[in-house]
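Please open the model in a viewer and keep the selection panel at hand.

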Amino acid sequence: MKEFAYVRAGSVEEATSAYASHTGARYLAGGTNLVDLMKLGVEAPAALIDVTRLPLDTVEELPGGALRVGAMVRNSDLAAHPLVRDRYPALSQAVFAGASGQLRNAATTGGNLLQRTRCPYFQDLSKPCNKREPGSGCGARDGVHRDHAVLGHSAHCIATHPSDMAVALTALDGRVELAGPEGARSVAAADFHRLPGDRPEQDTEIRPGELVTGVVLPAATAGLPSAYRKARDRASYAFALASVAVVLRLEDGVVGHAGVAFGALAHRPWRARRAEEALLGAAPTRAAFEHAADLELDAAQPLRDNAYKVPLARNLAVDVLSRLTDTALTGRAS
Amino acid sequence: MTGSVGAPAERREGREKVSGTARYAAEFHSPGRAQAWPVPSRVARGRVTGVDTAAALAVPGVIAVLTHENAPRLAEPDDPTLALLQNARVPHRGWFVALVVAETLEAARAGAAAVRVTYDAEEHDVTLTASHPGVYVPEEANGGHPAVREQGDPDGAFGSSAARVDVAYRVPPLHNHPMEPHTSTARWEDGTLTVHTSSQGTGAVRAVLAGLFGLSRDRIVVTAEHVGGGFGSKGTPRPDVVLAAMAARETGRPVTVALPRRFLPAVVGHRAPTLHRLRLGAETDGRLVSLVHEVTTHTSRIKEFVEQAAVPARVMYAAPHTRTVHRVAALDVPSPSWMRAPGEAPGMYALESAMDELATELGIDPVELRVRNEPDVEPDSGRPFSSRHLVECLREGARRFGWTGRDPRPGVRRDGPLLLGTGVAAATYPVMVGPSTATARALPGGSFLVRINATDIGTGARTVLAQVGADALGVPLERIRIEVGSTELPSAPLAGGSSGTASWGWAVHDACAGLARRLAGHVGTLPGQGLEFRADTTGAADAESDFARHAFGAHFAEVAVDTVTGEVRVGRLLGVYAAGRILNARTARSQFVGGMTMGLGMALTEGSTMDAAFGDFTESDLASYHVPVHADVAGIEAHWLDEEDSRLNPMGSKGIGEIGIVGTAAAIGNAVHHATGVRLRELPLTPDRVLTGLLGRRT
Amino acid sequence: MGNLQHHSRTTLRVNGKPHTLTVDHRRVLLDLLREDLGLTGAKKGCDHGQCGACTVLVDGRRVNSCLLFAVALDGCEVTTVEGLFGDGEEPHPLQRAFLERDAFQCGYCTPGQICSAAGVLAEAAAGHPSHVTDPVAPSGEPVPLDREEIRERLSGNLCRCGAYPRIAEAVEDVIP
């Protein structure tokens, strides 16, 4: 790790202007991924702009019922917040399904979105990786890639995004709020992360110097059914092999709204638009769920050792859709 | 007799460990102590053509960079993995090619990142297959076991057997990953070397350092006060201690080398992958006619280490026709070494899985099948067992577990999306013991001081040896003081091979019994320095026995397999052991349960992948190499039989540190088969494999 | 060594005592505790937030001290396993329970397990659910800690000796 300058920002403006005045700067929030990557040499900032003390650490209900979560709200506080638990259970469940208690206490909402892939080739400076070093090649494509992407990957990169939280935000139609030198803007969570294409070094649509200031969840009444489920190699404290977040509203016995997003299948949380379209207006039957999942996963292009992710994702989606349906029909969690 | 042995005495060092004051190898601060960070090779085979240290030396705080061009010359070690920075040769990826010494950890790490190494890389080959052209039959496997044993006509007998199982299993490379990475702090003063190291035995560390540096042993002090686990990977010196001693000599400063976690898989040894072929031929009543266990494994180019995975098949079951074979290919891989129950852990996974397959084939209860194949004498050697209570372990385990009345049909018990099943497997581990010395001294105040260079790697050695001493002296436990973990103490062997307590306990027993005799003959008050007796078990502990001596056990597992995800959860794991006399019920239970937990990891979560293109283990950190976590371990129970065996040692004990892992993976794998009807023959049973197996079942 | 731009005066309260140091910005809390303050109770098992051996409490919350730059913690309150032990001879109830249950072997993960358990007790009392909490459990109320809850919540603390069952029992012993 190279030496670096340190600036503690007291306001968003201070943070963005400090960023602008330090070449090679990075924002430091919880640090659970950035410090890790700095120790590995994957990140080598010349300056850290500490944003942890910005007044972005609250969860507030907006007029009209939307919920804004400040970027500095710690993952554990986000997941435990009564409004989040009651109205957006998929989000709470996703966060609690990730990492460990210690990491969730440190990691922030903004930082969770911006964490980098855990691809072992990305993390190892001694190996080629187009994401870390554009043009150097991809070690994973012909290497060890059981955990890698089956959807939307490119010749340049087969990495997956590791966040659980972002998958739920995507299914919930959340938006990411940003502030930067050119002012504030917001981007749909589903569009915030990118597919690798020929620029795998760019994980997200964030612009240089921009800071995530928060995420906004659209209004949801308590009881809008949503859920998150994840499969992993051990019972806790492991990244997803595949995961799914589902929001499901039944109206007059058919699907009135469905939000479905897969995790660990692609370079970004995978919003399953085709599945959602197929579900809309359909009777909530197992056959309909299977059909919808198959439509979405038709596009999968598994690699040598990760074909299992396709049936795994299908099973997860069908299972969570079925459970939410049971809950909606019986009024009880199944 | 006061009866300390067997009591659940509390760990003597417990208070230090829970308060954070127990000191480990990196925690010996002395003025001027420097930190060091190694630089691993980026090629899997070749030569270092140049090391540019200029940028590293320019990093503020960097004191020195050691390379093969400037490092102190060492005498050639018996263990080639310790010939560090002695030449340009790179035998595998991750081999250390430089060491940066700096004022701080941060400077050392930054310095290591700034070292530029150029290589002349050669083609490498790291991929083990059973048909690899380089496969050969070694002279012997680890532990001095003959590579091949054969009795009768196993092929002919197999061909004419009424029931046959012919199957292949694979156990992947596994990593020990003790919680404390390999660490040493070294200091030279007036030609004397003092080392604090994380090792399972400081005696071997001192002997190796003496050889490498050409010092007499009395100029070297090695201590291991507390050791954060080893599981075989700290059995002999590892690179950290050699590098620390070199760097300290070169810089004139105390130096700590704490190996970064990611470097461990390449340099501290690993359990080599094993490819198993099992052929079991049996009569319709289940009695084995032929047993063939053939194992293929890898070793490195610089060191032959052959995981003795076919050896337990020489111990377990009566079969008139048998063959056990070890084959090995030397590849451009890191050197494998010991990991908890080398040989037995992977070997019994394969053998006990095959026995389960045979039971299914024959429609015989798997407990009963094992009982029917119980031998009268050790099958391979013909020697009588000093004691063998495998059948009793199976019966007692079956009773406690509720095995009776088990529906043998696979794949029929459902609980919603879950498939439920139970499995059993046997366990065995040899009794090993080595000669040791110890002293016992009676002090004027009425207390006793026992001194022995045992190492407490978490087994509770301090505690159990005090118990042995108390009983031999016939005094209450509180009156025994004990000193362990330093070469300044009477010499003793390492904590390994489940032999520590037997070896050390024997010497402590003899020293204390001898002291008791002296005290009985002593008249009047004790002299100021007390009265001492020294024992040396050479000639007794290492005497050849006429008996085959092994511990045995039985493992039972209950699993739930999620048909949605392929995730396997172990609801219950139960072990029953016959391991001689249990000397401390509290610490013994912890050891058994700990072994079973590691076996659970072997079954479900642990596995490493050799990257063919780069020649290293991909899962090099604790985020990707999945050691079981709390949530994986629901219910584990360990029980034991009161086994009396007078042919072992004065305590009547067998080792208990390793048998817990043996057979656990097979019991879980057999339970997964019972749950799903799918026989998966490659570990670990991760969701990708299990789900793929479940999907195949439906078509 | 280094230039001023890369070091800062930083004050931390550790186990109730203030410490003001000039720290290299690269120094993480774990190394500050171990190297600068001689508090070696927090252990380095992986240095990357993957094992939990370095767990301490910062402002009352459990965190991995290996992933926190010390400079960013200026003004924070840090409690380590040494601090839990307190001034006197009396161990913390968790420490006593670990002893009584034999909830460790090599001891290397133990300080982290104990600090983590202290954090778990506080989190559950504050109404934080977990991955295994029934989703219909009421928000904002203390969560009862059964064995499954304890296991899930402590899963960020690896123990290679396999003391997990005993650790869960020890934590259960001190639940109020």
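How many residues does the contact take from chain A and from chain C? It takes 30 residues from chain A and 38 residues from chain C, two residues being in contact if their C-beta atoms, placed from the backbone, lie within 7 Å.

This is a predicted model, in which local features need pLDDT of at least 70 and side-chain atom pairs count only at pLDDT 80 or more, while totals for chains, interfaces and linings use all residues. Residues are numbered from 1 along each chain as its sequence is written, and chains are lettered from A and ligands numbered from 1 in the order in which they are written.

**Chain A against chain C**

Select the side of chain A that touches chain C. The elements that give two or more residues to this side are β1 (5–8), α2 (34–40), α3 (75–80), α4 (82–87), α5 (89–96) and α6 (101–106) of chain A. Here helices (H or I, at least four residues) and strands (E, at least two) are DSSP runs, numbered from the N terminus. With 5 residues, α6(A) gives the most to the side of chain A that touches chain C. Coloured by class, the side of chain A that touches chain C shows 15 nonpolar, 9 polar and 6 charged residues; Ala, Val, Leu, Ile, Met, Phe, Trp, Tyr, Cys and Pro count as nonpolar, Asp, Glu, Lys and Arg as charged, and the others, Gly among them, as polar.

Chain A is divided into domain 1 (5–50) and domain 2 (226–330), with bounds that come from an automatic or database domain assignment. The C-alpha centres of domain 1 of chain A and domain 2 of chain A are 36 Å apart. An unreviewed UniProt entry places the feature "domain: FAD-binding PCMH-type" at residues 1–222 of chain A; such positions are given in the numbering used here, feature names are shortened, and annotations may be inferred rather than shown by experiment. Residues 1–222 of chain A are 27% helix and 17% strand, and their end C-alpha atoms lie 47 Å apart.

**Chain C**

Move to chain C, whose domain assignment gives domain 1 (4–85) and domain 2 (93–174). Their centres, taken over C-alpha atoms, are separated by 22 Å. The contact between them takes 17 residues from domain 1 of chain C and 14 residues from domain 2 of chain C. On the side of domain 1 of chain C that touches domain 2 of chain C, at least two residues each are supplied by β3, β4 and α2 (81–85) of chain C. That side of domain 1 of chain C has 9 nonpolar, 5 polar and 3 charged residues.

Next, display the strands of chain C. An open sheet of 5 strands has the order β2-β1-β5-β3-β4 (chain C), with mixed pairing; two strands pair if DSSP finds at least two bridges between them. Because β2 (17–24) and β4 (61–64) of chain C stand at the edges, each with a single partner strand, one side of each is left without a neighbour in the sheet. Strand β3 (residues 55–58) of chain C runs antiparallel to β4(C) and is joined to it by 4 bridges. Zoom in on C:V58, which stands opposite C:R61 in β4(C).

**Chain B**

Bring chain B back beside chain C. The contact takes 49 residues from chain B and 48 residues from chain C. On the side of chain B that touches chain C, α1 (14–19), α3 (105–114) and α13 (585–604) of chain B each supply at least two residues. The largest share of this side, 7 residues, comes from α13(B).

Within chain B, the assignment gives domain 1 (33–123 + 176–267), domain 2 (140–174 + 271–431 + 547–698) and domain 3 (434–536). The contact takes 19 residues from domain 1 of chain B and 23 residues from domain 2 of chain B.

Select β4, β2 and β6 of chain B, an open sheet of 3 strands in the order β4-β2-β6 with antiparallel pairing. Its edge strands are β4 (89–90) and β6 (116–121) of chain B, each pairing on one side only. Strand β2 (residues 46–52) of chain B pairs with β6(B) over 6 bridges, and the bridge partner of B:V48 in β6(B) is B:Y119.
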